[in-house]
Amino acid sequence: MMTRTKTLLTALLLLLAAPLAAQLYHPGEVLDYRVSYRAKMFPNTEIGAVQIATSEEEFEGKPCYKVIGEGRTLPTYRWFFNLVDIYTVHVDPDSLRPVHFRSDLHEGDYTFRSTYRYDWEQMRVHTRWQSRQRPVREKELPLTRESMDAISLFFSLRSAEAEQFRAGEPRTLQMVLQDTVRHLHFRFLGREEKKIRNLGRFRTLKFDCQLGTSEGFSFTDGTVFTIWISDDENKIPLYLESPVRIGSINAYLSGYKGLKYPLKSRIK
């Protein structure tokens with residue numbers, strides 16, 4: 001179960017995106033999520049938390065948006081599996097493209113660090129990564145306008161108008177990952193009202209998604225999940241569900257502050 005928890009914590013940071021020119025970066029916004037496990041004969045149990053926070057910060061002498069995504073297991077479960085994954089991205093406020101990405105992952109005895117430096121003039125990205133068990137490795141990859149890191153993908157969909165989505169129409173996106181590119185396949189399923197624990201009912205846009213295992217559109221063994229986002233200008237991910245062999249892993253919005261727009265999707 002903890003392996004899938006790790007996958008879902010990462011998937012929540014990835015979420016889904018569309019290849020759009022603009023992204024909703026709003027300094028001061030903080031989104032909090034709780035991750036839980038549910039099965040037919042097993043009570044719903046919270047096992048992890050994710051926070052995504054946006055601010056402004058200079059990076060290498062230039063003003064940038066800074067976004068930190070942090071996922072961790074809750075204290076009750078850290079004796080069994082201690083996971084702390086932190087992702088940081090700096091984004092150019094004019095082009096709204098990522099400039100630099102860094103991950104710092106601690107999962108039990110496993111550690112992993114990576115950095116990506118983007119060169120949009122040359123349409124290349126330089127990746128560098130290292131784990132405790134292996135030496136530093138580097139690679140340069142070609143970029144397309146749809147290529148992004150995990151956190152940048154989080155924001156891409158949020159500026160889209162709901163009318164741009166057609167029910168059942170498949171789309172595929174690209175995510176830079178160390179020495180390869182992974183693909184995220186998703187379909188818009190339509191509008192739906194969704195109850196979110198402790199927050200009430202919302203009007204939502206519903207999608208099903210599948211994260212490919214490697215470059216080349218291999219989705220056979222990839223992570224599958226369904227996501228509901230708020231049907232308003234904020235496009236906040238509200239709820240995410242991923243099936244496991246027995247039951248499902250779920251993530252839901254537990255708190256928010258500093259939104260750019262009123263949360264009009266909430267049904268009073």
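The model is predicted, and the mean pLDDT of the protein chain is 76. Of its residues, 68% reach 70 or more. Helix H1 (residues 2–14) has the lowest mean pLDDT among the elements, at 47. Strand S16 (residues 266–267) has the highest, at 95. Two stretches call for caution. Over residues 1–8 the pLDDT is below 50. This stretch still has 23 contacts in the model beyond near neighbours in sequence. Residues 214–221 also stay under 50. For residues 214–221 the model has 18 contacts beyond four places in sequence.

The protein chain contains two helices and 16 strands. Its 268 residues include 49% that count as buried. The accessible surface comes to about 13,100 Å². Carbon and sulfur atoms account for 48% of that surface. Contacts were also sorted by separation along the chain. Among contacts between residues at least 6 apart in sequence, 52% join residues at least 24 apart.

Strand S7 (residues 124–131) and strand S8 (residues 134–142) pair in the antiparallel sense. Seven bridges make up this pairing. A hairpin of two residues joins S7 to S8. Within the pair, Val 125 stands opposite Leu 141 in S8. In a regular strand, side chains alternate between the two faces of the sheet.

Charged side chains were examined next. The count of salt bridges comes to twelve. One of them joins Arg 117 and Glu 60, with an N to O distance of 2.8 Å. This pair links distant parts of the chain, 57 residues apart. Arg 117 belongs to strand S6 (residues 110–119). Glu 60 sits in the loop between strand S2 (42–59) and strand S3 (62–73). The two partners fall into separate accessibility classes. Glu 60 counts as exposed, because its relative accessibility is 54% and exposed means over 50%.

A second salt bridge connects Glu 70 with Arg 72. Here the closest N and O atoms are 2.1 Å apart. Glu 70 is partly exposed, at 24% relative accessibility. Arg 72 is partly exposed too, with a relative accessible area of 26%.

Glu 193 and Arg 201 form another salt bridge, at 3.5 Å from N to O. Glu 193 counts as partly exposed, with 47% relative accessibility. Arg 201 is likewise partly exposed, at 37%. Elsewhere, salt bridges that share partners join Arg 34, Glu 46 and Arg 197 into one network.

Asn 250 lies in strand S15 (residues 248–257). Asn 250 has a relative accessible area of 1%. It is therefore classed as buried, because its value of 1% falls under the 20% cut-off. The side chain of Asn 250 makes a polar contact with the side chain of Tyr 239. The distance for this contact is 3.3 Å.

Definitions and conventions:
Residues numbered from 1 in each chain as written. Predicted model: local features only at pLDDT ≥ 70, side-chain atom pairs only at ≥ 80, totals over all residues. Heavy atoms only, no water. Helix = DSSP H or I, 4+ residues; strand = E, 2+ residues; numbered from the N terminus. Buried < 20%, exposed > 50% of the residue type's maximum accessible area, 1.4 Å probe, protein only. Contact = heavy atoms within 4.5 Å. Areas by Shrake-Rupley, 256 points an atom, 1.4 Å probe, with all protein chains shown as cover. Salt bridge = Lys/Arg side-chain N within 4 Å of Asp/Glu carboxyl O. Polar contact = N/O pair within 3.5 Å; in protein donor to acceptor, adjacent residues only side chain to side chain. Pairing = 2+ DSSP bridges. pLDDT = per-residue confidence, 0-100.
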